[in-house]
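Reader: I am new to this structure. Can we go through it in short steps?

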Amino acid sequence: MIVNVPNPVIEVHDLTVIYNRKPALWDADFTIPKGKLVGIVGPNGAGKSTLIKAIMGLVPLSSGHAELFGKPLDEVRQKVSYVPQRESVDWDFPASALDVVLMGRYRHTGLFRRISKKDRNIAFECLKKVRMEAFANRQIAQLSGGQQQRVFLARALAQQADIYLMDEPFAGIDATTESAIVDLLFEMRSEGKTIMVVHHDLESAYEYFDWFVLLNTRLVACGPKEEVFTQDLLVETYGGKMNVLAKIGELIRENTFPVREDNSPLR
Amino acid sequence: MENLIEFLSLSDPNVRYVVLGMVLLGICSGVVGSFTFLRKRALLGDAIAHSVLPGVCLAFMIGGTKNPLFLLVGATITGWLSLIVIDFISNRSRIKPDAAIGLVLSVFFGVGILLLTSIQGSGNAAQSGLDKFLFGKAASLIGSDVWVFGILCAVMTLVVILFFKEFKLLSFDPDFAHSIGLPIRLLEIVLATITVLTVAVGIQAVGVVLMSAMLITPAAAARYWTDKLFKMVILAAIFGAISGILGAYVSYTETAMPTGPWVIVVLSLIAFFSMLVAPKRGVWAQYVIQKRNQNKIHQENVLKLFYHIAEKGDQQFRAARSLDELLSRREFPTSILKRTLTALTKKELLDKVGNNQWKLTDEGEERGKRVVRLHRLWEVYLTKYLRIAPDHVHDDAEAMEHVITPELEAELDKLLDYPATDPHDSKIPR
Amino acid sequence: MDAFWIILTGSLVASSCALLGCYLVLRKMAMVGDAISHAVLPGIFLAYMLAGTRSSVPLLIGAAVFGVLCTFLIELLTKRMRMQNDAAIGLTFTFLFAIGVILATRFASYAHLDQDCILYGEIAYVPFDVGWTLDIGGAIGVLEIPVAIGILSALLVGVIALIWWAYKPLFITTFDPAYAAAIGISTTFWHYVLMGTVSLTTVLSFESVGAILVVAFLIGPAATAYLLTDRLPVMLILAVLIGILSAILGYWLAVWINGSIAGAMATVVGGLFGLALFFSPSYGIIGKHWRKAELS
């Protein structure tokens, strides 16, 4: 069940990613319409994070490509914002919450100019939106996990983008933060932003999102929640491993076979 | 040549000591290094080596003698201390292990240099020779040194044999080792102690900086050749020994050539050589595999092409085709196509008929048919199981048709219930 | 006057190293710094052999290429050869260092650079190599400025300029490389900019203070400052101050016990770190203990 839409803002074509010589994502092909809150759902190791990293150009692609607003990423980077997993950085880093949020403004001010008063104001506004203004000057190591996540979100907001890709923003956070983030996501959606979120918890998923990408190495389904978030498709997403796919991955790995004929050989 | 014979005969007692000493040291550090390497603690050897110096100096200052055993005790103590300090810093503060190691090694070494120069400055006549701990003086190894190396080697081999299984678990899966009740702490102490001992002894031969290479490089080189710990340890020991001999030989033939650095250069070259030629993991092996894959793809594509031309056209699967006819149906660099046709003819999958015409043999037809079958089966699989739209499956199948093994083919066939046609309604040939 | 020049040399090296060290420590690449400081040895030798003099700046800059080569080799071994990172570091720098030592022994007479100097430098001789004289009159009279002071000052100015100019890209690629890449900043480029500067610093500092003190200055002051503050700008400044303090105290320690100046400076670096480790108000072990006791 893959629902394709006209004039999508995110378009993924035949995307295959081999990560550490294992297929992490196999031939994913889908489209996402503007202004949707999209949940990427699937079991552990299903390639959820890989999918958004691939869209952001952070992992090498074995085949396929992604387009945002009908253009390659490099032309529209300003309009796309990425929120990495919280664990991916060292929070002992000597920086304040405001310092981190200001990173979201780096592209706007230019890499070698000093940060302006205006940037500072925007960053502060973004901290306010995630209800973290009181912690602006707090060292990031002293924040709770949920607060750190909100700082990351504020940084993404400061970029003033139209597409947001978020890697597990709900992982390991408290209930207050979760509801704060959900409110914020709803608000962003009402402003016409498109948001893709890697999500783990099936129980809350239906409530939070209005579009789903169901992944299990391959794309199981993609479409509006009423059509896609069904018992059958979820069972298919979480149930049974794809035996044949696993085996072919193994064969490719053993023989270092190319995944596409014309592509350079695998690393 | 004369040099070589003289060297190999070991008639010169000096040469004998140097070679024996370096071989023994190479074996020791190869074996011990394998474990530090696998435990991803390779750089701790560097820290220990630098931290030995203050111990040596202190031992000399306290004892006032150059008795090797006495200095060794001092060296072992500060070597051990450095490990404890590194652990302490990285566990009890926000400083990460890499910074802790770098800090400890440079500071311990600085203290050592300070003590050493202070001793030298004090005009103590007995001090000369302490500085061999800095760069090592393999050339000045004497009989008693070789005895020390020999004893160390024997002790270490015994320890490693006794605890081989335990060390193996500790290296690969410390959590599991802990869960089955192995005394992890004790094993770590034993392993650390033999590492410190090896470093403390070896440093006199190769010097502070290069001692860490004696631990790391043989193991890193051996790793490319095998996945088995036992083989790896043996190989590392052999690499260590060989480089000991070669290093000693170079410094024997060339005057003013230091032994230690040459041992390391030889070791490094062995490691680079291993990266290039080791089976499976080596660069050359990888290149050969890729070349082979590439050839396989070309050949199967050509066989498939013969099948396609017949299928779409005259149904004459065994008809002879010319180069132009083949090229008109599929884009192929002409040179590659020619080369592939020749290779297929040699394999008796094609027969060359007349001038520049080829036709399939029995086996060739079978193979061509199989590639087409795999292609279409995979397309069915993709549409049915991966829910990929029929117009998106071709590229994927184009690659996978070369990967699928007969076993996987059977499994696919069964899974898909022996389909008759592919998603584009082309017949799947049987 | 000699004491002044020696302390100034130490302070200049300490400042450049401390600034760069902050980034190495935060990037968890302290050991790469260690590796580079050893790996530049063959480069320095080739530079000396070709130029026949000890301070041909263009050649020394060329020698810094060996430091970058070392970083490149480490990356190559880790990424392409799939060797584990720590082993790749160890293998690479010992190999290059061994070549350096061979060159040093073989051609020592050309380069006037002996083995001891490699490890702990010749900071005590810095004042004898006068590069410029400056008549400032008064009580001091003619000021004989050593060559090393000139070179190391230029280096420090360069390092400060780099950090001032590229503060933001260095900050973001250090803290969150994935995000930096996502907004289109090349992490590889800045990695090599940083490593190139570290190499250059190492090469230019080498002669005065030797490989080991370079490592001590790269890691020690930065690690100490890291225990004292939560702001990067403050950390950079603190690291420089700690480096300079180590140079001053180290000189007096060396005079006091009549030993190597470089060794003594490294010792002080360790001592200051130890103080911060236990007594830092924010991250000291004793401080933490205290706060815990107060809470309970």
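**Contacts and a sheet**

Reader: How many residues of chain A and chain B make up the contact?

Author: This is a predicted model. In the contact, each of the two chains is counted on its own side. Chain A gives 24 residues, and chain B gives 24 residues.

Reader: Which element gives the most to the side of chain A that touches chain B?

Author: β2 (22-32), β9 (218-224) and α11 (243-255) of chain A each supply at least two residues there. By class, that side has 13 nonpolar, three polar and eight charged residues. With six residues, the most comes from α11(A).

Reader: Which element of chain C has the largest share of the side that touches chain B?

Author: Here 52 residues of chain C are in contact with 45 residues of chain B. Helices that each supply at least two residues include α2 (30-39) and α12 (187-226) of chain C. The largest share, 14 residues, belongs to α6(C).

Reader: How do the residues of that side of chain C divide by class?

Author: The classes are nonpolar, polar and charged. The division is 34 nonpolar, 14 polar and four charged.

Reader: Which strands stand at the edges of the open sheet in chain B?

Author: Three antiparallel strands of chain B form the sheet, in the order β1-β3-β2. Two bridges join β1(B) to β3(B), and R321(B) stands opposite W358(B). Each edge strand has a single partner, so one side of it lacks a neighbour in the sheet; these strands are β1 (321-322) and β2 (350-353) of chain B.

Reader: Which helix lies across β2 and β3 of chain B?

Author: The helix spans residues 334-346 of chain B. It runs at about 110° to β2(B). Its name is α16.

How values were computed. Residues numbered from 1 in each chain as written. Chains lettered and ligands numbered in written order. Predicted model: local features only at pLDDT ≥ 70, side-chain atom pairs only at ≥ 80, totals over all residues. Pairing = 2+ DSSP bridges. Helix = DSSP H or I, 4+ residues; strand = E, 2+ residues; numbered from the N terminus. Contact = placed C-beta atoms within 7 Å. Axes fitted to C-alpha atoms, helices over the stretch in contact; angles between N-to-C directions. Nonpolar A, V, L, I, M, F, W, Y, C, P; charged D, E, K, R; others polar.
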